Amino acid sequence: MKRSILILFFTAFFHHFSFSQLFKNEKQFTKGDTLRGFLSPERTCYDQTYNHLDVKINFLDKSISGSNTIYFKVITDFNRLQIDLFPNMIVDKIEDENGKILSYKREFGAVFVDFSNVQKTGQSTFIKVSYHGQPQIAKNAPWDGGFVWKKDKNDNDFVAVACQGTGASLWWPCKDHQEDEVDSMLISITSPSKYSTICNGKLRSKTKINDTETTSNWFVSYPINNYNVTFNIADYANFSDQMPNGLILDYYVLSYNLEKAKEHFKQVKPMMTCYEKFFGEYPFARDNYKLVETPYLGMEHQSAVAYGNEYKMGYLGTDLSSTGIGNKFDYIIIHETGHEWWGNNVTSKDLADMWVHEGFCTYGESIYVECMYGKDSAIAYINGSKSNVGNRSSIIGFYGLNKEGSGDMYNKGSLFLNTVRTIINNDEVWFKILKGIQTEFGLKTTTSDEIIDYISKESGKNIKKIAEQYLNYPSIPELQLKFEKNIVSYRWKTDVKDFEMPLRLMLKNEYYITLQGKNDWQDVKINTKKNDLQVDEDHFYIKTNRIN
């Protein structure tokens with residue numbers, strides 16, 4: 001489908017974008033993107049409530065086989081629904097609750113399942129999808145998703161899966177959209193008995209299948225995103241710790257890394273103390289917290305956080321902030337665990353709003369730094385990320401097309417939130433808001449608009465136009481300044497009309513005056529030399545343009 005036709009068709013659904021913004025995007029969208037990203041009637045007609053994913057991992061040919069039983073409640077009458085499974089995976093059969101074989105049609109990654117009778121509103125039922133195939137192998141997990149088949153240094157198998165963005169349907173049949181989280185789930189993985197299999201949730205039981213294979217049954221007792229569902233198979237050693245509030249911290253590491261991990265993972269408890277202080281209690285306490293060594297860098301898999309940072313500080317030994325602060329902690333532990341609150345508990349309905357996951361989680365790193373090393377270090381850490389921001393495209397993506405925004409959602413999102421904190425200018429209110437977001441939107445899905453509305457309401461500061469500039473446009477607010485004797489003229493240059501945001505002018509590194517800037521020129525009399533006047537760019541993410 002040509003892009004112009006696609007844009008005209010979906011304009012009604014993209015409430016954040018103008019036509020000019022849509023045309024700036026270079027991606028050629030396909031019908032496959034629409035089927036994955038759009039909430040069609042075939043998807044909204046049912047609400048999935050429980051899944052039982054039962055899969056055997058076949059090491060010899062790198063294939064899987066099994067089934068997913070999808071329990072759901074009928075929202076509106078239908079006789080056809082959509083689930084998703086990558087085209088390379090083979091559907092063996094689909095059965096209803098009575099064992100009747102259902103017909104289906106496949107198109108790109110969508111599977112349209114037909115019922116002979118109308119499914120009535122309010123009815124609860126299920127379908128069982130049996131399937132097999134060789135799932136996509138990740139080229140570079142977790143960014144290019146799929147299975148990772150490796151060997152550890154003792155030549156033992158080391159296998160895992162990561163699929164955020166690429167899609168959970170690359171390896172199991174499901175409603176592959178963030179909007180509908182399953183309420184709870186049983187994950188049954190059959191694999192060689194000589195290895196341990198670690199999944200989300202709590203281990204409920206193990207069943208010996210034969211002399212060489214065992215099925216591990218892990219129960220997830222909270223709502224979970226499809227992309228968070230995972231398994232990890234390796235020669236694992238396990239050790240545990242416990243928080244003062246009783247939360248169990250479970251660690252699964254390659255057997256030969258046990259002693260190294262016991263020392264390196266000591267940073268987990270103070271991190272959890274900080275996050276619980278500022279964000280609220282760990283959201284998935286019944287399922288415990290697990291940190292699981294993986295054959296790829298890391299991923300925020302709910303209650304089974306993937307760890308592959310080689311027991312180094314920073315990001316594989318590198319300080320991403322270039323301040324020295326980032327080498328005081330293991331970036332992957334701190335960042336991926338932060339997603340338990342931002343992304344796993346509070347989840348965006350659409351991939352386009354992924355900044356809600358990544359922006360808040362990246363900002364959470366600075367909260368950890370502030371908690372451990374003080375606010376000055378946190379501000380330095382945040383501002384150290386400015387050089388990593390491109391400001392070339394929006395950090396909000398395209399709605400209904402499974403299209404996230406730019407990578408600026410991480411650092412620019414964090415800098416935006418630091419700016420909002422400064423605008424609110426009341427840390428008691430700010431931290432109450434961060435906890436409140438967890439309470440208000442936790443264990444369900446939400447949108448950018450809902451989050452921004454909540455912050456505006458709870459702070460008493462309307463930040464909607466400010467958020468629109470930072471989230472929907474590549475450029476950041478530009479503060480234009482003119483100097484004429486003792487008169488300073490100032491205004492904001494923005495894409496958003498009727499934009500208002502405070503600014504701080506500093507005299508010799510001391511806060512001198514806070515002004516409410518607008519798009520129109522305003523004047524203020526300041527008895528100081530031009531070169532002594534500075535703009536606070538540490539607490540506001542802005543560009544300053546001194547016109548004369």
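**View 1. Helix 10 and helix 13 cross in a right-handed way.** This is a predicted model, and here we zoom in on helix 10 (residues 411–424) and helix 13 (residues 464–472), whose axes sit 10 Å apart at an angle of about 165°. Anything over 145 degrees counts as roughly antiparallel, so that's the label for helix 10 and helix 13. On the helix 10 side, look for K412, F416, T419 and I423; helix 13 answers with I466, A467, Y470 and L471. Sorted by class, that contact has 6 nonpolar residues, plus 1 polar and 1 charged.

**View 2. Helix 8 packs against helix 9 with the axes 7 Å apart.** Helix 8 covers residues 355–373 and helix 9 covers residues 375–383, and the angle between them is about 150°. That angle is why helix 8 counts as roughly antiparallel to helix 9. Helix 8 makes a right-handed crossing with helix 9.

**View 3. The largest cavity holds about 170 Å³ of space.** Its lining is made up of 14 residues, and the ones closest to the centre are R36, D176, H177, Q178 and N402. What classes of residue line the largest cavity? The lining has 8 polar, 4 charged and 2 nonpolar residues. Counting cavities of 30 Å³ or more gives 2 in the model.

Note on methods:
Residues are numbered from 1 along each chain as its sequence is written. This is a predicted model: local features need pLDDT of at least 70, side-chain atom pairs count only at pLDDT 80 or more; totals for chains, interfaces and linings use all residues. Side-chain values use heavy atoms; hydrogens and water are left out. On a 1 Å grid over the protein atoms alone, a cavity is a set of points where a 1.4 Å probe fits but cannot get out, and a pocket is an open set with protein on both sides within 12 Å along at least five of seven lines; lining residues have an atom within 4 Å of a point. Grid points are joined across faces, edges and corners, and a volume is the space filled by probe spheres set on the points. Ala, Val, Leu, Ile, Met, Phe, Trp, Tyr, Cys and Pro count as nonpolar, Asp, Glu, Lys and Arg as charged, and the others, Gly among them, as polar. Axes are lines fitted to C-alpha atoms, for helices over the stretch in contact, and angles run from 0 to 180 degrees between N-to-C directions. Helices (H or I, at least four residues) and strands (E, at least two) are DSSP runs, numbered from the N terminus. Angles under 35 degrees count as roughly parallel, over 145 as roughly antiparallel, 65 to 115 as roughly perpendicular and the rest as oblique. A crossing is left-handed if the near helix is turned anticlockwise from the far one by less than a right angle, and right-handed if clockwise. Contact means heavy atoms within 4.5 Å.
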